[in-house]
Amino acid sequence: MSESLEPCGRLSSLKEQVEKKLCEVLDRAGTKGWRRLGEIVGSDRRFKVSPDDLEMCSLKVLHPDGSPSRTLLRLMGERGCTRGHLMDYLQTLGNAEALQCLKAPALQVLIQPQSVALVCGHNVRLSCHAVGQLPVQYQWFKSREEVPNGSTPDLVIAQVDVKDAGFYVCRVNCGDSFEFSQWAQVDVLDASTPCGQSSEGRLKVAVQPQSQRLHAGQTLRLECGAVGRPIPCYRWHRNGAPVANATRRKLTIPHVTQDHQGRYCCEISGGGERTWSNEVEIVIAPKMLVQISGAMECSEDDVYAIGGGSTDFLLNSIPEQLYATDKVALLIGNLTYQNHLQLKAPMVDVYDLTNVLRQLNFKVVSLLDLTESEMRNAVDEFLLLLHRGVYGLLYYAGHGYENYGNSFMVPVDAPNPYRSANCLCVQSILKLMQEKETGLNVFLLDMCRKRNIHDESTPSIVLRVTANIVFGYATCQDAEAFELSSSGFTNGVFVKFLKKRLLDDEKITVVLDRVAEDMGQFDATKGKQALEIRSSLSERRALNDPVQPGTADQVHSRQWAKAHELPETMILDFECGAQIKLGFAAEFSNVLVIYTHIIKKPAELSSCQGHVTDFPQELDVDPKEMNRDTPEETGIYLLSSSLPQHCLYTRLSSLQKLREELVFTVCLRGTYAAMDDDDAVCWTKKVNIGKPLIARLDLHEAMRRISCLQTCTMPHSPGQSPAPQNCLHPPGQDQSLLSPQRHHLNVGAAAADGDVEHGHNEVACSSSIPIEASDDMDELQTAFINSLQLQQQ
């Protein structure tokens, strides 16, 4: 094995992570840093690095993201310097830490296992090969369980069965070092007709969809499957057009209508090949009532209604379809507290629930880090949307407490210690929700319910007995709500299981009961956290009930929906002939991502770059976290995979604080061929994108309405804000949050003292296992690591 990484390779081929680490070391190394390295290189006649070049490198510190070392390395690369040369220079420099950056790791996985789809009865082989400085050992896992006799580089499963389907990963050990392979999915098809094993790179359909005749309101289920390596991708089509979000082997459409009728087929691709399933006919018959006069024999289950000497019954006993006149949701996640323990899970929880609820056709507003006044105004806006037949869902994650049966949500600007006057009373909000004639109200609280010894107030709130209210606590009385602490981003315990169940075609209380059962089987918090549900739901209301617009306030509903609409993409033309594309993405309703990309560069410009600047003071954007080369560098983690590449990214949070229209500057910095970089020319354009996302609702205003004051005189009702406003701006996320760590499990450690200010306690759990971009693998990593630690105990 070579000691270094391709010593003859050019410096320009250094991996980004290697270059970044090396530059960090050289930038802070003082007498053994980049300047001394440049002097050593300058003494070598092959690579002409002059004092003027070093002076030019030193000026890079004036730029927010400038690095003298990076400039020097790229200059050396342009003049033919290789990795081998650089290692010699670093040896002469005597900087062992910098030299180590170029050394090969102690353990490298060279061959990764590949996902495969095959038919029952065939053999499958998964391969993983690694090299290290010491003998290498292997151990295969299926999900969280060790595979018996799986301690060889090749895992062979003879005559696979459906039970062998799942996700596999290999752990490779070399002395004290270990690495995990990529996850590989084995998809086993239970085909009713024989199918020869597909050769590498060849697709063959093994499971065909079947034609069906359904009645309106039933569930359509179609399935197809193909064998091949790599595992095939699927895209369902109806009448020749792609079906939205239908990219799995199985297509499920609950509550079908006649609009779903048509001819369906599935496009299957993989390994550069493409094929199609059979086209099948789906017929949707309308819900039919047959009226019979006179006597008739029928079972009791067939009777639909009896009256007036005639009998009406519904074919196939299809129940009456319930529906919503609108669906709206408010999700609040408080994590960056000014005076209390900061949390991590609320950001991930709100992000994941937003995506799930949008699949259920909810108009979702998702907000992070709200002050007391902002929380009250957001709840007030939400209450305006609750009318006859509307489905409303309010979710809160953050610090909280419960005194004398009343629960309180803690804003990010709450003092230490806080009392009821600084918080939002849950029962006050619930009372206002009950006064609406909604089809369904769901209020979910993901917070602690411990006693607050600093608050002795005993408010008396009488809640009426009304229908269609579902009230869920993530934990029981006088207990904590836990979040999984790790080096990356993971859900809290409640949402970890909730997001798996919300799409189920079941009554909402049944869904929550199943979530409670799932949480009860979770070893990490068993006996420490249990879901509590209170409900007055008399009908079979489900979150996936269809929407039939009614008499709801459409004006406020449209305004609510626009609180997550993005500004349109812009193409900016500059006098020099260059063009910049200005794009936008929403991580949350109050977090906007701006990205810039040069789409046209005049030939006379040797280089040009576009960036954004001059944002309003209330957004308080740190210049060092703007215009970064990767989304992660500016704190964009959850949305990074869906953003376009090769751009500069800027993340603007706390948009609810924006008082005026958002106006900022787009700068184009270019150099001509005969100019030095320091003589670059700048062109600027002012851009006005109005009030983006949640800024349209003006949540920054102190007290805009008196509706809540008239109906609830408590000092902590939604419409009142006794505490002054303080601006809050989340700090930038550390890139190290995504770095691999060794596994550990510390269940309940943060909850030992029972401090009410620790509203979301932590269950530690770190991971270095890579996860493929598949919805099926979302929770595999956390569960896998937890099980490894439990096996070791």
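Here is a quick look at a helix pair and a strand in this structure.

This is a predicted model, where local features need pLDDT of at least 70, side-chain atom pairs count only at pLDDT 80 or more, and totals for chains, interfaces and linings use all residues. Residues are numbered from 1 along each chain as its sequence is written, and side-chain values use heavy atoms, with hydrogens and water left out.

Let's start with the helices. Helix H2 (residues 34–42) packs against helix H4 (residues 68–78) at an angle of about 20 degrees, with the axes 10 Å apart. H2 and H4 are therefore roughly parallel to each other (angles under 35 degrees count as such). Contact here means heavy atoms within 4.5 Å: H2 brings Trp 34, Leu 37, Gly 38 and Val 41, while H4 brings Pro 68, Ser 69, Leu 72 and Met 76. Those residues divide into 6 nonpolar, 2 polar and no charged (Ala, Val, Leu, Ile, Met, Phe, Trp, Tyr, Cys and Pro count as nonpolar, Asp, Glu, Lys and Arg as charged, and the others, Gly among them, as polar).

Now for strand S10 (residues 184–189): 6 of its 6 residues are buried, so S10 is largely enclosed by the rest of the structure. Buried means under 20% relative accessible area, using a 1.4 Å probe and protein chains only. Ala 184, Val 186 and Val 188 point one way from S10, and Gln 185, Asp 187 and Leu 189 the other way.

| Partner of S10 | Sense | Bridges |
|---|---|---|
| S2 (residues 116–119) | parallel | 4 bridges |
| S8 (residues 166–174) | antiparallel | 3 bridges |

Ala 117 stands opposite Asp 187 in S10, and Tyr 168 has Ala 184 of S10 as its bridge partner.

Technical notes. Axes are lines fitted to C-alpha atoms, for helices over the stretch in contact, and angles run from 0 to 180 degrees between N-to-C directions. Helices (H or I, at least four residues) and strands (E, at least two) are DSSP runs, numbered from the N terminus. Angles under 35 degrees count as roughly parallel, over 145 as roughly antiparallel, 65 to 115 as roughly perpendicular and the rest as oblique. Buried means under 20% relative accessible area, exposed over 50%, partly exposed in between (1.4 Å probe, protein chains only). Two strands pair if DSSP finds at least two bridges between them.
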